[in-house]
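Reader: I'd like to go through this one before I set anything up with it. Could you take me through the backbone, the confidence and the ring contacts in turn?

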Amino acid sequence: MELTLGIKVGGDRSHSSQEREGSTSSNISPKKNYQRHTPEQIQHLEAFFKDCPHPTKEQRHRLSSDLGLEIKQVKFWFQNKRTQLKAHSDRHDNSSLRAENESILCENLALREVLQNVVCNTCRNSTPPNEEDQQRDLLKLHEENIRLKEEHERVACFLAQFVGRTQEAVLSSPSNPSLTTINLLNPSSFTPHPTMGLDNGSGLEIHPFMGATDAEKPLIFEAAAAAMKELIKLICNNEPLWLMTSAPPEGRYVMNQNTCKKLFPRPSYFRTPTARVESSKDLGVVPMDAGRLVAMMMKENGMLDLFPTILSKAKIHQVIEEGKPDNQNGRLMLMYQQHIVSPLVTPRDFYVLRYCLMVEAGKWVILDVSYNWLREKMPLTRSWRLPSGCLIQEMPTGLSKVTWVEHVEVDDISGTHCLFRDLVQNGSAYGAERWIITLRRMCERFNNRNAEIEPHNTVKNILQLSQRMINNFCSSLSMSGEIDFGHLNEGKTSGLRLSVRKAVGRGQPDGMIVTAATSLWLPLHREVVSNFFSDLRNRSKWDILTSGHQLKELAHIVTGSHPGNSTSLIRPFLPSDSYMLILQECWADQFGGMIVYAPIDVRAMNVMTATGETEDIPIIPTGFIISGDGGRSRATRGCDLSLSSASSSRASGAAGSLLTVVYQILHSVQTTQEVNMECLATINGLVNSSVQKIKVAFNCSNLE
C-alpha cells in the first residue's frame, strides 16, 4: 500500500515537473538576433571617424544610407568609439603617472636611507645633515608633492567620466574645481566653486615657480642655442623640408614631417591617439622699424599690444640673460604665453624660453621653445612648443621683412567645440600666416597712432584707450573657471559659456565681472558679416542698448589699409543716460574680423582730453568675433542668403562663418559665491536677444 502510494506520488511529481518546465519554456521569448557590422562597414566608419569623431545629424543620416545601417547603429558606434579612445588615453596616462610615482617613491626611500648612514670621512662617525640641507630637501619634496597632487587630481577628473562615480568619490579631497552644468530653470542647481573664475589680479593663474638657479642656467643656455640652430634651419630652408599646400587653405607652407624627423629626430611629447603636430611658415612685410619691432617683441606688454587677438596672456617669469639694451642681442628669458582663438576652444598654454639673437647687422631671430626643465616645474599642459619664432630683417623706409615659423605639438581635440574643430585642425587658427597678418595690421595701427594728426593728442589718447579696451576684451576670452550651460549646446549653436572674475586693474570698478559667450554658424562669408557689423547704419539691428535710438559718430579714425579697420567714438541719444558715449574698434582681415565696444562716460572722456590720462577710465567691453568655419560644408536650407548680390554669390559656396558673441556685465558683489542666478539670467537674456536679432538681420531665423 505504501509502496504503491510512493510510486504514484513520484509519478505525479514527475508529471508536474514536466508541466512546469513546459510552461516556463513557453514563457521565454525567442533570442534576439544581433547583426554584426561587416568589415567593409567598420572600415568605412573608422575612416570617417579619423576626420570627424563627432558627426552631425546630417552626416549620420548619410552614413546610415551609404552603409545600410540604422541611424541608431551609426550613432551608438561613434559613441562607443569615442569612449574607447578616451578610456585608452586615460589608462595610458594613469599607468605613466603610477610608474613615475613609484619611481619617485623608491628614489625618496633610497635617499632617506643614504641620509641615515652619512659618515664623515675625517672622523668616520655618523653625522646628521645640517639644517640648510634639510630645508633644501624639504623644499624640493614640497614642490614635488604639489606637482604630483595636481597630476593626481587631473587623472581622477578624467577617470570619473568612465567609472560612473563623481570626482569627489575618486579624489580623497573635494577641492578640485570642475566644469558645472547649470539649468536656468532650476536655480538651486548652481553652486559656484569658491575659486571659480578668480585669478591673481593680472588674469594669470598663480603657479609655484622658484626660477632657475645658477647651476641650471648653463643647461638653459645650451638648450636655447640648440633650438636656435634648428629654428634658423627651418627659416632658411624650403623644399623638401617645407611643401606648398594645395588643399584649403591653399598657398601656404607646411612641414614635410618625414624630412623633419630625419633632420631633427626627437620623441613625441604626447603619446595619445589624438595628438598631432602643427607646422607652418609664412613671410610678409610690416610697416615698422626692425629695431623697434624687436624691442616690443621682447617685452610682455609689447607682445600683447602686437598680437592682442592671438595672445590673451603673457608673463615674463625670469630674465636669464639681459642681453644688449640697444639691440636686445643675447636676451634670454623664461616666459608664459596663452594663445586663444575663441572661448569655445581650450587655450594653449606654453611655458617657453624666449631668446633673441642678432645674427648680423639688421637681422634678428627671436626663438620660442618649450623646455623639459620647465615641464618639471610648471603645470602639465596639452601644448608643447617646438622651435618656433621669426626672422626680422631691416628694410629701407622703416619697413621690416618678417619670416614666421610655427611648430607645435598639441592634444586639444577634446577641448575644441565641434563648431571650431575644422578651423583648428586645418592649421589656420594658429598658423604662421595668422601671426604675420595680425602683426601687419597692428603695425599699421601703431603707425597711425604715432602719426601727426590734428588734434594729435586727442587722437592718440582715443587710440590708446581703444588698445586697452581690445586687450581687456581678448584677455577675457580664456574664461578661466568657466561654466557651461550644457542643455543649450546643440545644433549649429554652441550653448552658453560663463565666467566670473574679480574686476582688477587701475580705474576698474569694484565688483565681479560676469562674462558670457556663445557661438553660432552663419551661412554667409566672413567678409559679409564683418561689413554688416562695422556699418553704423546697421547698429539698430543688433545692438540692444541703442536699439531704436538715434546715433551720431563723433570721431572716426582709420587704423589700417583695410577699409574696415577703424576706431570710432559714437554718441547715442538715450533718454535715460545723456552722458554716455560708445568707444568702438573694428578690424577685418583674411581670417575674419572683430568688433569691440564699451560704454564710456562723457565726463571721463573730457578729463582724458584735458590730462591725457587713459588708465583711470573704467572699461567693460563687449564684442563679436568673426572667423571662417574651416571650409566645412553645411546645409543652408531655411536661410535667405540674398542679403546683397555680393553676399549671395559668396554664400552660394560651401564656406560659411562662425560668429562668437561675448557680453560682460559688472555685478556689485565681492565674491563668486555672491553671484546669484538673477545676474546670470540677465546676461543670458542679453546674449539670447542679441543672437535672435542677428539671425533676423541675416534672414536666418530658421537656423537651428
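Reader: Which other non-glycine residue has a positive phi?

Author: T397 has one, with phi at about 55°. This threonine is in the loop that runs between strand 9 (388–394) and strand 10 (400–410), and it counts as exposed because its relative accessibility is 74%. As background, most residues other than glycine have a negative phi, and most peptide bonds are trans.

Reader: Where is there a cis peptide bond, then?

Author: The bond between E239 and P240 is cis, with omega at about 5°. P240 belongs to the loop connecting helix 7 (217–236) with strand 1 (242–244).

Reader: Switching to confidence, what is the mean pLDDT of the protein chain?

Author: The chain has a mean pLDDT of 77, with 74% of its residues at 70 or more. Among its elements, strand 9 has the highest mean, 96, while helix 17 (residues 645–651) has the lowest, 37.

Reader: And which stretches have a pLDDT below 50?

Author: Residues 161–206 form one such stretch, and the model gives it 82 contacts beyond near neighbours in sequence. Another is residues 485–491, where pLDDT stays under 50 and the model has 17 contacts beyond four places in sequence. Where pLDDT is low, the predicted coordinates should not be read in detail.

Reader: Noted. On to the rings: how many aromatic pairs are there?

Author: The structure holds 16 aromatic pairs. One of them joins F49 and F78, whose ring centres are 6.0 Å apart and whose planes meet at 35°, so this pair is tilted. F49 is in helix 2 (residues 39–51) and F78 in helix 4 (residues 71–116), so the pair ties together parts that are 29 residues apart in sequence.

Reader: Are those two buried or exposed?

Author: F49 counts as buried, at 7% relative accessibility, and F78 is buried with a relative accessible area of 1%.

Reader: Which rings are linked into a cluster?

Author: Ring pairs link F532, F533, W542, Y597, F624 and F698 into a cluster.

Reader: What about charges, which ring does R441 sit over?

Author: The charged end of R441 is placed over the ring of W587, at 3.7 Å from its centre. In another case R385 lies over the face of F350, with 5.4 Å to the ring centre.

Reader: Last topic, where does S342 lie?

Author: S342 is in the loop between strand 5 (332–339) and strand 6 (348–360), and it is buried, with a relative accessible area of 1%.

Reader: What is S342 in contact with, apart from its neighbours within four places in sequence?

Author: Leaving those neighbours aside, S342 is in contact with F420, L477, S519 and T660. S342 and I626, which are 284 residues apart in sequence, lie 9.9 Å apart in space from C-alpha to C-alpha.

Notes: Residues numbered from 1 in each chain as written. Predicted model: local features only at pLDDT ≥ 70, side-chain atom pairs only at ≥ 80, totals over all residues. Heavy atoms only, no water. Helix = DSSP H or I, 4+ residues; strand = E, 2+ residues; numbered from the N terminus. Buried < 20%, exposed > 50% of the residue type's maximum accessible area, 1.4 Å probe, protein only. pLDDT = per-residue confidence, 0-100. Contact = heavy atoms within 4.5 Å. Phe/Tyr/Trp six-rings, centres within 6.5 Å; stacked < 30°, edge-to-face > 60°. Lys NZ or Arg CZ within 6 Å of the ring centre and 35° of its normal.
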